Amino acid sequence: MLETKNLTKAFKKKTVVSEVNIYLEKGESVGLLGPNGAGKSTTISMISTLLPPTSGEVWFNGQNALKESQGLRKVMGVVPQEIALYEELSAYENMKFFGKVYGLRGKELESRITHVLDLIGLTDRKKDAVNTYSGGMKRRINIGVTLLHEPEILIMDEPTVGIDPQSRNYILDMIKTLNKEKGITVLYTSHYMEEVEKLCDRVYIMDHGEIIASGTNEELKSILSNEETIQIDVHTLSMGFQDNLLHHSSIRKVTEEGLGYRVIAPKGEDLLSEVFELAKQTHTKITGVSIQTPSLEDVFLHLTGRKLRD
Amino acid sequence: MFQLIKKDTLILLRSRSDLTELLFMPFILIAILGLALGNLSMTDFNINAFPVAVVYEGNIEQSLENWAVELRESDYPEEAVSALVTQAEEIAPGEQINSILASEDIQEWMTAESFATVESAETALDAGDVAGVIIIPEGFNEAVWSALFLDEGDALPLTLEVQNIDSVTSDIIRSVLTTYANQFNLEASIALASEGEAETADQQQDSYGEVTNLTAASPITSFQYYTIGMGVMFALYTAPALASRAFHEKKQHVFGRLMISGTKPLTYLGSKLVSGTIITFIQLVILFGLSTLIFGTFRGYSTRFWIDLGMVSFVFSLVVGSITSLLTSLSLYSNSESSSSFFGGVVITLFAFIGGSFTPVEQFSESLRTLGNWTPNGAMMTSYMQLMQGFNLFEVAPLIIRVAGMTVILLAVSVILFPKRRLD
Ligand SMILES: Nc1ncnc2c1ncn2[C@@H]1O[C@H](COP(=O)(O)OP(=O)(O)OP(=O)(O)O)[C@@H](O)[C@H]1O
Ligand SMILES: [Mg+2]
């Protein structure tokens with residue numbers, strides 16, 4: 001339905017998006033996961049026909065969307081990373097304005113506004129100016145305005161960034177409903193792996209402007225199928241212990257995680273007794289050990305040697 | 001398009017700071033300036049005269065003697081010397097400057113106070129008792145005579161010292177002084193041409209009077225003057241107010257949202273032109289209306305006058321609309337708000353001054369007035385003044401056409417600069 005071909009963007013001499021190939025099938029929910037500065041927003045801007053790529057193409061239903069943008073623009077809803085609204089105006093006024101810009105009028109417009117306000121849970125605040133809203137409410141109306149013209153494809157750029165868990169869950173559930181019940185195709189950008197894991201059928205992992213892995217959650221995690229993640233909680237962090245772990249022949253990676261360490265090692269090795277031995281040597285008190293199923297976070301760590309967020 | 005304009009207007013109405021800047025400020029200034037100057041006619045218009053010190057170092061007898069000696073030393077024959085000295089006796093440049101400075105016209109601008117020595121005058125300057133010091137040095141008379149009768153030397157060796165005052169005031173002193181120096185040369189030549197018959201006083205009165213009275217065919221009250229002056233000045237602020245909003249629309253990705261919705265870039269730009277025009281027009285209607293209701297500013301004028309006033313206001317609104325569109329283009333093109341803040345911070349103040357919003361600039365110099373008529377607000381201000389003096393629309397047409405021309409140019413530039421996104 002929507003597909004990019006070697007999409008590349010360079011600002012001055014610096015390439016920030018390089019040869020990106022992603023596709024979306026109708027009704028799919030696809031995640032674009034990557035750390036800050038990976039080039040997610042830049043990719044999204046190009047797909048949504050707002051930023052001309054340095055090279056590469058965007059195809060929509062067999063049409064070159066960069067040459068014939070109206071077809072895509074009509075059925076697409078883009079939720080930008082920023083609150084792209086008139087903050088002096090109320091939620092209702094914003095919706096009315098953008099609705100009319102999309103050519104909606106009269107009863108139809110009113111009923112859609114009512115419906116969307118209900119969906120985003122802002123009916124009782126609809127008359128207040130947006131700049132009096134909380135962060136979470138602003139995020140919701142930012143999405144709401146995009147839903148008015150009932151887009152077939154919803155492109156969202158970190159729509160939950162910087163808000164409380166409750167609002168976040170609300171938004172995630174809402175998107176899930178739109179995708180599963182209304183069949184809206186979703187491209188969801190985030191640097192929270194939990195969100196993408198929960199919401200998306202397929203995931204692209206992006207780093208330094210390139211797609212470094214893609215597939216379903218399971219496919220991605222199977223990259224780690226021969227490995228396991230061990231979380232070792234300690235009483236106090238110890239450099240000596242960390243060094244010991246790092247130099248152990250079968251341990252792949254060690255990162256600090258809370259008050260403890262996260263270790264990736266091949267499956268099936270009897271590592272635990274050795275870990276306790278290493279702790280003893282450095283007088284480190286272990287307070288807990290758990291073996292975890294890998295997450296996309298671990299996949300990213302595996303692929304790049306870095307954490308998704310610092 | 002209509003939606004975009006309605007939205008711009010609505011947002012502006014919601015913004016207290018913009019309403020203050022566009023309506024409240026000018027109205028308060030009209031009230032203050034109008035009341036402060038009373039219902040005086042603008043021909044008696046007065047800004048606070050500032051004191052200047054005048055030091056006249058020579059005296060006429062001494063100068064005549066010195067000059068005679070100088071002439072003899074340059075080997076002029078004795079008859080020539082005595083003829084020249086007789087002629088010189090008719091003209092006493094130093095005294096004339098002194099009396100010019102003491103004249104009624106100049107008293108409106110500055111009051112001259114005589115000081116015996118440069119030192120004492122400078123002390124007064126340092127103490128802030130006077131705003132400047134004009135020194136008529138020893139040898140000044142001789143220099144003027146040589147220039148006049150012998151065509152020798154050129155610049156009048158007048159000195160002006162200014163200290164601790166803002167540049168506007170010092171500019172005023174300077175321009176008054178230059179005007180008078182020129183005037184003096186002219187008079188001296190006339191005196192010479194008419195064989196020394198000194199008819200200078202009248203002459204001077206006339207030509208000076210002419211300058212000030214140009215716009216005063218029928219008297220204009222200070223309320224009228226400032227309603228127009230402040231009106232055209234603050235109307236200009238509409239442009240940066242709207243353009244900086246446009247910049248934020250871009251920055252906050254609302255512009256992107258509009259483009260995705262299928263809004264054409266030129267429709268967007270056009271909406272800024274129309275919003276700027278409509279909002280300015282409404283602003284002027286409110287200011288002129290309120291001023292008339294409260295201060296009776298334009299009470300008693302004919303319907304014809306009001307229609308003409310409306311037409312002129314519309315043309316002015318159009319030029320403000322086109323400035324809005326240009327500033328919008330510039331800020332989207334350069335991806336920064338600096339063009340709007342420069343216009344709002346520097347250009348408007350400058351235009352307002354040259355255009356005569358604060359004070360009738362033609363009192364300073366004719367060239368300033370000519371320059372002023374090349375600013376959109378100055379040209380419109382002159383047109384309004386002419387309408388009030390009973391000219392009709394047809395007679396003020398040249399200036400209006402000039403402003404319409406500016407509109408066309410500004411619009412053309414804004415369309416050329418506007419970042420036309422290739423995707424459409
Ligand atoms: N207009 C621009 N000019 C120059 N560089 C830019 C521009 N826009 C983005 N970049 C650079 O491109 C890189 C990718 O930016 P982008 O916003 O796409 O990252 P992102 O993955 O969305 O990050 P985040 O998670 O922080 O939103 C960054 O290094 C950024 O500095
Ligand atoms: Mg981003």
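Predicted model: local features only at pLDDT ≥ 70, side-chain atom pairs only at ≥ 80, totals over all residues.

Student: Okay. Which residues coordinate the magnesium ion (ligand 2)?

Tutor: A:S41 through its OG and A:Q81 through its OE1, at 1.8 to 2.2 Å.

Student: Where do A:S41 and A:Q81 sit in the chain?

Tutor: A:S41 is in helix α1 of chain A, residues 40–47. A:Q81 is in the loop between β7 (76–79) and α3 (91–101) of chain A. The two are 40 residues apart, so the pair links distant parts of the chain.

Student: And is A:S41 buried, partly exposed or exposed?

Tutor: Partly exposed, because its relative accessibility is 24%, which falls between the 20% and 50% limits. A:Q81 is partly exposed as well, with a relative accessible area of 24%.

Student: Switching topic. What's the strand order in the open sheet of chain A?

Tutor: Four strands, running β13-β14-β12-β15, with antiparallel pairing.

Student: Which strands stand at the edges?

Tutor: β13 (253–256) and β15 (286–292) of chain A. Each has a single partner strand, so one side of each is left without a neighbour in the sheet. On average, neighbouring strands in this sheet are turned by 20 degrees against each other, direction ignored.

Student: How many bridges hold β12 and β15(A) as a pair?

Tutor: Six, in the antiparallel sense, with β12 of chain A covering residues 227–234. To find your place on screen, look for A:T229, which stands opposite A:Q292 in β15(A).

Student: Now chain B. How many helices and strands does chain B have?

Tutor: 19 helices and four strands. The chain has 424 residues, and buried ones make up 50% of them. Its accessible surface comes to about 18,900 Å², with 61% of that belonging to carbon and sulfur atoms.

Student: What about contacts in chain B, how much is between residues 24 or more positions apart?

Tutor: Counting contacts with a separation of 6 or more, 81% are between residues 24 or more positions apart.

Student: Where does UniProt put the "transmembrane region" feature in chain B?

Tutor: The UniProt entry, which is unreviewed, gives 21–42, 223–243, 273–298, 310–330, 342–361 and 399–418.

Student: What do residues 310–330 look like in the model?

Tutor: That span of chain B is 100% helix and 0% strand, and its end C-alpha atoms lie 30 Å apart. Residues 342–361 of chain B are 70% helix and 0% strand, with 23 Å between the end C-alpha atoms.

Student: I've got B:S383 selected. Is B:S383 buried or exposed?

Tutor: Buried, because its relative accessibility is 0%. B:S383 is in helix α18 of chain B, residues 376–388. Leaving aside neighbours within four places in sequence, B:S383 is in contact with B:V312, B:V396, B:L399 and B:I400.

Note on methods
Residues numbered from 1 in each chain as written. Chains lettered and ligands numbered in written order. Heavy atoms only, no water. Pairing = 2+ DSSP bridges. Axes fitted to C-alpha atoms, helices over the stretch in contact; angles between N-to-C directions. UniProt positions renumbered as here; feature names shortened; annotations may be inferred. Donors = N, O, S within 2.8 Å, 3.2 Å for Na, K, Ca; no water. Buried < 20%, exposed > 50% of the residue type's maximum accessible area, 1.4 Å probe, protein only. Contact = heavy atoms within 4.5 Å. Areas by Shrake-Rupley, 256 points an atom, 1.4 Å probe, with all protein chains shown as cover.
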